[in-house]
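Subject: Structure handover

Hi,

Here is the structure for you to look over. My notes come after it.

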Amino acid sequence: MLTPTYSSQTKHSIFWPLDCAAAATGYTDQHWRSLHYFNCFRLVIGCSLLIVFWKSGFTNLGSYHYPLFLYAGAGHVLFSVLFMLFIRLRFPGFNQQVIIQVISDIVFFSVMLYASGGLPSGLGVLLLVSLTEAGLISRGRLVLFFASVATISLLLQETYSSWTVDFYSAQYSQAGLLSMAYFAVAWLAHRLAKHSLASEQLAEERGIDLANMAQVNQLVIQDLQEGVLVVDKHGYIRQRNSYAERLLNLNPSAEKSPLLKLSACMPELATRLTTWQGDSSINFDLLRLGNNNALVRTRFLPVQADCRNGVVIFLEDMGRIQTQLQQLKLAALGRLTANIAHEIRNPLSAINHAAELLEEEQLENDTDPRLVRIICDNTRRLNKIVQDVLQLNRRNIAKPDLFDLHEFVQKFLEEFCHAEKINGNAFVLKNDNNHMISFDRDHLHQILWNLCRNAWRHCRQQNGSIHVGLSASANENNVCLDIVDDGAGVDPQQIKQIFEPFFTKAAGGTGLGLYIARELCETNQASLGYIEETGGGHFRIICKSDQPCL
């Protein structure tokens, strides 16, 4: 089966053109290195011949013409040393140097062959090695030409020897066999060089394919709408994309700095990774990142079969997904509220008005006042639900404003106590410092109203029953607003349901207060959660601070 060959122009990198100087000239450092080794071989052969000629008396080297052999051997060595400098300078060109060196070998070896008495000296075999190496390093070019020159030189040497050397009989048959060997070796070197060239081009094409694939993968990973981290078996972050850097607040310019330890920059994630390595079937809840309060879903994928060798961590930003879902939900909610406003509020108004008329005429008609009151209460409750749903539809756009949270909460508590006719001593405001936050004032007012009314409904309703605390979060970039009452708290089995719409355990409640409060928090890039450890009802709002909290 023939190996397909590829031209160097048939494929190229789609990102980085391979038009470097070496590629332009066609000869890389590898070719020059091969020529350097070839010249070293020539130098070793020349030196070896001189040493054998000088020290050994058992060979016939220089047997016919001693000085001529010595001069030819010394000339070959000096010529090889001189080409060491030319190869380093890369002047003249690669092909010129190959031609000069091979021709010089043929000339010097022919002279030494003549000085040693012709073919019986065995020096003609050395040209086989020179021809083979010349064919390999020149990629098969001119190798048959070199074989022809060597053959002509060998025949001329035999003819000249027969003319000038006494009692010398020209051995043309041996010269012919040796010439055939020259051509055979040259042809084999030519074929081997051609096959090597095809393999080299194929390897280059595969290398370009791999480089392109790696760059495409890198672009895809960088463009992913979720964070990607590659963590090695020692817990160091080897690779990450830009989305992961935004989620984890990593410095993008620190890619060439020492590797980051996952446990150092994100200990919660490192803990989950350790847990997953112990049991890969475990399902994790959503993780809220402490540095930016983002809510993410974590997924772990082993690089190899053993999950301890390396892991790819995916961080799916639930905030972005929730924003998309929220947009869809708001669109549907808008249509729903329009129908509610038209189909429900008008009949409710008519029922409420009729009930009030019945209440005024109850004495004349002997109507049961309790039934009339039930009608009025339930119509007001239904009207409150409609108002909450309409308000939910209008709160989708936040208009954040920078203000002092302590001052805002203080004024709110005064307004709330006055409106709800609550003794102001029931609330205790605690603050450790001034906190400037960016938040929609109307949204925060509605959130606090819902939470404080919920706390007042479930607390003991005495002095100091509700504590409102302002404090810095652990990472000093967020502010915590805690509302704690001295009531019984939320049943642990109902904690996951308290933020669901229309879930309520209070008589007369609509079940939308906490749901609306949490939706408003997420609209302002904040979070609302329930804290279980305090005993009573404890809700915590975590919002971004405009400046690091001191």
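Predicted model: local features only at pLDDT ≥ 70, side-chain atom pairs only at ≥ 80, totals over all residues.

Residues are numbered from 1 along each chain as its sequence is written, and side-chain values use heavy atoms, without hydrogens and water.

Salt bridges (a side-chain nitrogen of Lys or Arg within 4 Å of a carboxyl oxygen of Asp or Glu) come to 9. Asp 105 and Arg 42 form one, at 2.8 Å from N to O. Asp 105 sits in helix α4 and Arg 42 in helix α2, 63 residues apart. Both are buried (under 20% relative accessible area; exposed is over 50%, partly exposed in between, with a 1.4 Å probe and protein chains only). Helices are DSSP runs of H or I, at least four residues, and strands are runs of E, at least two, numbered from the N terminus.

Asp 482 pairs with Arg 540 in another salt bridge, closest N and O atoms 2.5 Å apart. Asp 482 is in strand β11 and Arg 540 in strand β13, so the bridge ties together parts 58 residues apart in sequence. Asp 482 is buried at 9%. Arg 540 is partly exposed at 28%.

Glu 407 and Lys 411 also form a salt bridge, at 3.4 Å. They are 4 residues apart in helix α15, about one helical turn.

Helix α16 spans residues 441-458. Its buried residues include Trp 449 and Trp 456.

Best wishes

Conventions
Expected span 1.5 Å × (residues − 1).
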